[in-house]
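Hi everyone, thanks for making time.

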Amino acid sequence: VAYEIPYGAKLVLPESEDSCEVQNKRKHIGGDFMKIYQRSDNILMKYCTPGEYMFLAKLKQFVSFNENILRNGGHSNGHLLKETEIAKDLDMGKSTISEYIKFFKDVDIIKEYELTSKDNPKDKNKCLVVNPWIYSKGTAMLKDVQELFNGTYWHYISNLTNEEKENIKEIDNIEGLNPILQLKAKQLTDFQSSSSSV
């Protein structure tokens, strides 16, 4: 796509500054950044359907800073999103959204979370959170959201040591623990069982 820029127009690029540590590199300053765990993302690309992967990619816009809660605009003070609102914002059917969310709950990527109300600490608001070992925004994280996903497959593979990353056998051995593979194998077995009983 090409755009015609009027004569005399001024382009303002993101600020950068020279890094003193590494020659020939510049440090980017400003903008909103999301951390994407590469190993987790590669596994998602490999084992999710294109629709599942695209849905999760679209959810990134709602992940709130320093919380990983699905909120309007992805802002920490944004409205907590319900499935129907996500469906409307993504221009998708509610049943499709419900199926995707159920799938990602089953594979430890989305969970339900109870957030304490700012107005009344006795009240809890139910909301959806995304596994911070898949995506995270900001430099901090709600401790209990992180703990909600600690011990999951995604937590484990995102925190492999350099030695473990270099050891291909170690990585191959944990593929059997992949919850996406386990869920899809179970769905296939269930489908075959129901087909044979008809």
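Let's begin with a polar contact: the backbone oxygen of Asp108 sits 2.9 Å from a polar atom of the Asn131 side chain. Do keep in mind that this is a predicted model.

Where is Asn131 in the chain? You'll find Asn131 in the loop between strand E5 and strand E6, the latter being residues 135-137. And is Asn131 buried or exposed? Asn131 is buried, with a relative accessible area of 0%. Leaving out residues up to four places away in sequence, Asn131 touches Asn68, Asp108, Ile109, Phe149, Thr152 and Trp154.

Now over to the Asp108 end. Asp108 follows helix H4 and has a positive phi, near 65°. Helix H4 itself runs over residues 94-106, 13 residues in total. From first C-alpha to last, H4 reaches 18 Å, close to the 18 Å expected at 1.5 Å a residue.

Which residues of H4 are buried? They are Ile97, Tyr100, Ile101, Phe103 and Phe104. As a reminder, an α-helix has 3.6 residues a turn, so residues three or four places apart point the same way. On the other side of H4, Ser95, Glu99 and Lys102 are exposed.

What covers the buried residues of H4? The cover includes helices H2 (50-59), H3 (83-89) and H9 (179-196), along with strands E4 (110-116) and E5 (124-130). Thanks, everyone!

Notes. Residues numbered from 1 in each chain as written. Predicted model: local features only at pLDDT ≥ 70, side-chain atom pairs only at ≥ 80, totals over all residues. Heavy atoms only, no water. Helix = DSSP H or I, 4+ residues; strand = E, 2+ residues; numbered from the N terminus. Expected span 1.5 Å × (residues − 1). Buried < 20%, exposed > 50% of the residue type's maximum accessible area, 1.4 Å probe, protein only. Contact = heavy atoms within 4.5 Å. Polar contact = N/O pair within 3.5 Å; in protein donor to acceptor, adjacent residues only side chain to side chain.
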